[in-house]
Amino acid sequence: MFEIKKICCIGAGYVGGPTCSVIAHMCPEIRVTVVDVNESRINAWNSPTLPIYEPGLKEVVESCRGKNLFFSTNIDDAIKEADLVFISVLSNPEFLAEGTAIKDLKNPDRVLIGGDETPEGQRAVRALCAVYEHWVPREKILTTNTWSSELSKLAANAFLAQRISSINSISALCEATGADIEEVATAIGMDQRIGNKFLKASVGFGGSCFQKDVLNLVYLCEALNLPEVARYWQQVIDMNDYQRRRFASRIIDSLFNTVTDKKIAILGFAFKKDTGDTRESSSIYISKYLMDEGAHLHIYDPKVPREQIVVDLSHPGVSEDDQVARLVTISKDPYEACDGAHAVVICTEWDMFKELDYERIHKKMLKPAFIFDGRRVLDGLHNELQTIGFQIETIGKKVSSKRIPYAPSGEIPKFSLQDLPNKKPRV
């Protein structure tokens with residue numbers, strides 16, 4: 001069997017960088033070169049400050065960089081010298097979750113390798129299997145034809161996104177009836193046929209994969225004349241958009257039907273904790289809806305650079321003209337963001353937000369002071385926060401009948417919950 005000694009990975013982004021760093025780490029006898037046309041990104045991979053944040057990634061890179069792991073812009077030579085070339089395609093799809101990517105790569109549920117059913121295709125499959133067999137048990141390595149591997153990747157992310165949209169749809173019902181979505185999720189999650197994964201209600205899913213892969217599935221179904229199937233999966237995206245708009249509408253309604261010229265602290269901008277990735281983050285959409293109503297946003301995230309936040313909010317589908325310059329301030333810490341604010345909106349479930357000095361925050365806020373918890377990170381603090389004086393609104397639950405009442409209405413005066421965002425998904 002042909003032995004792989006040199007690997008070239010084209011693309012030093014969120015997938016290529018971590019994946020090939022772990023391959024180099026687990027296969028010290030294989031020379032791995034990650035190439036990209038973006039020189040500044042390659043320079044960052046070769047520096048002490050990596051271009052992406054992922055727990056455990058820095059340690060992996062530093063253990064083998066300069067030994068059998070290299071980052072380069074010399075794409076042509078790396079391809080010519082390689083025995084195997086990784087490209088961002090679905091024949092060997094990744095099933096990584098940002099925030100746990102290194103753990104997922106070192107101990108995967110499965111590795112899926114698809115290939116043509118030709119002698120050449122099967123030789124390539126066997127060669128790639130041999131690379132993964134350095135650390136992955138053979139029974140966890142699945143081999144399929146190319147179409148099966150591609151659809152497996154799309155279907156896996158579509159099913160996960162569907163679960164999130166499903167629980168989010170029930171969260172709206174919980175708020176209307178007085179049920180608690182956390183109690184409902186626990187009850188249905190104990191059914192072994194359903195399981196308890198991905199039943200966390202929130203302000204909506206984000207990231208580079210879920211929306212892109214569901215929309216790819218919708219496109220395939222439309223192209224193959226399966227309109228009913230396409231409409232089914234499109235509803236997963238529509239429900240996610242609805243959840244974001246519903247949350248933004250709830251903020252506006254609770255703040256006496258206007259946020260114009262009001263300061264609102266946005267805590268968290270990454271699409272989830274333990275990553276600096278903002279692609280398709282719900283924070284972008286919440287910020288857009290509030291900016292459209294004239295709110296002044298003070299945004300803090302522990303891992304997202306100021307420049308990235310500005311770029312995301314300056315996208316033509318998100319803001320217009322000088323909206324960002326007029327309405328957005330990037331804060332250096334959460335206390336600065338909350339100083340003088342009418343409301344605090346938690347959009348990312350960073351653990352640090354559970355440990356803030358909320359008494360200190362309340363003293364510096366305008367009254368009545370509101371907290372809108374879009375990630376249910378403050379569930380255990382509701383009594384304490386209410387004693388301090390906060391009015392609390394959270395996803396999928398009525399916290400207290402004593403608070404200033406929030407009454408959802410059939411029509412939203414500021415914007416329609418049915419309108420889809422203008423921003424196109426980034427691939």
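## Where α7 meets α9

Let's start with a helix pair. Helix α7 (residues 146-177) and helix α9 (residues 210-223) have axes that come within 8 Å and cross at roughly 120°. α7 and α9 are therefore oblique to each other, and their crossing is left-handed. On the α7 side, the contact is made by Trp-147, Leu-151, Lys-153, Leu-154, Asn-157, Ala-158, Leu-160, Ala-161 and Ile-164, while α9 brings Phe-210, Asp-213, Val-214, Asn-216, Leu-217 and Leu-220. Sorted by class, that contact of α7 with α9 has 11 nonpolar, 2 polar and 2 charged residues.

Keep in mind that this is a predicted model. In general, two packed helices are described by the angle between their axes and the distance between the axes, and that is how the other pairs are treated here too.

## α7 again, now with α8

α7 also packs with α8, at an angle of about 135° and with the axes 9 Å apart. That angle makes α7 oblique to α8. What is the handedness of the crossing as α7 passes α8? The crossing of these two is right-handed, whereas that of α7 and α9 is left-handed.

Which residues meet here? From α7 come Ile-167, Ile-170, Ser-171 and Cys-174, and from α8 come Ile-181, Val-184, Ala-185 and Ile-188. The contact of α7 with α8 divides into 7 nonpolar residues, 1 polar and no charged.

## α9 on to α10

Next up is α9 with helix α10 (residues 227-254): they pack at an angle of about 150°, with their axes 7 Å apart. Angles over 145 degrees count as roughly antiparallel, and that makes α9 roughly antiparallel to α10. α9 passes α10 in a left-handed crossing.

On α9, the contact is made by Gln-211, Val-214, Leu-215, Leu-217, Val-218, Cys-221 and Glu-222; on α10, by Pro-227, Val-229, Ala-230, Trp-233, Gln-234, Ile-237 and Arg-244. By class, the contact of α9 with α10 has 10 nonpolar, 2 polar and 2 charged residues.

A bit of background: most residues other than glycine have a negative phi, and most peptide bonds are trans. Phe-198 has a phi near 60°, a positive value in a residue other than glycine. Where does Phe-198 sit? You'll find Phe-198 in the loop between α8 (181-189) and α9.

The other spot is the bond joining Lys-367 and Pro-368, a cis peptide bond with omega about 0°. Pro-368 lies in the loop between α15 (358-364) and β11 (370-373).

## The annotated C-terminal domain

UniProt, in an unreviewed entry, places the feature "domain: UDP-glucose/GDP-mannose dehydrogenase C-terminal" at residues 265-380. In the model, the span 265-380 is 31% helix and 16% strand, and its end C-alpha atoms lie 21 Å apart.

## The whole chain

Zooming out, how many helices and strands does the chain have? There are 16 helices and 12 strands. The radius of gyration of the chain is 23 Å, close to the 22 Å that the globule rule gives for 427 residues, so the chain is as compact as a globular protein of that length. Taken along the principal axes, the C-alpha atoms of the chain fill a box of roughly 70 × 45 × 40 Å.

Methods:
Residues are numbered from 1 along each chain as its sequence is written. This is a predicted model: local features need pLDDT of at least 70, side-chain atom pairs count only at pLDDT 80 or more; totals for chains, interfaces and linings use all residues. Side-chain values use heavy atoms; hydrogens and water are left out. Axes are lines fitted to C-alpha atoms, for helices over the stretch in contact, and angles run from 0 to 180 degrees between N-to-C directions. Helices (H or I, at least four residues) and strands (E, at least two) are DSSP runs, numbered from the N terminus. Angles under 35 degrees count as roughly parallel, over 145 as roughly antiparallel, 65 to 115 as roughly perpendicular and the rest as oblique. A crossing is left-handed if the near helix is turned anticlockwise from the far one by less than a right angle, and right-handed if clockwise. Contact means heavy atoms within 4.5 Å. Ala, Val, Leu, Ile, Met, Phe, Trp, Tyr, Cys and Pro count as nonpolar, Asp, Glu, Lys and Arg as charged, and the others, Gly among them, as polar. UniProt positions are given in the numbering used here, feature names are shortened, and annotations may be inferred rather than shown by experiment. The radius of gyration is taken over C-alpha atoms; the globule rule is 2.2 Å times the number of residues to the power 0.38.
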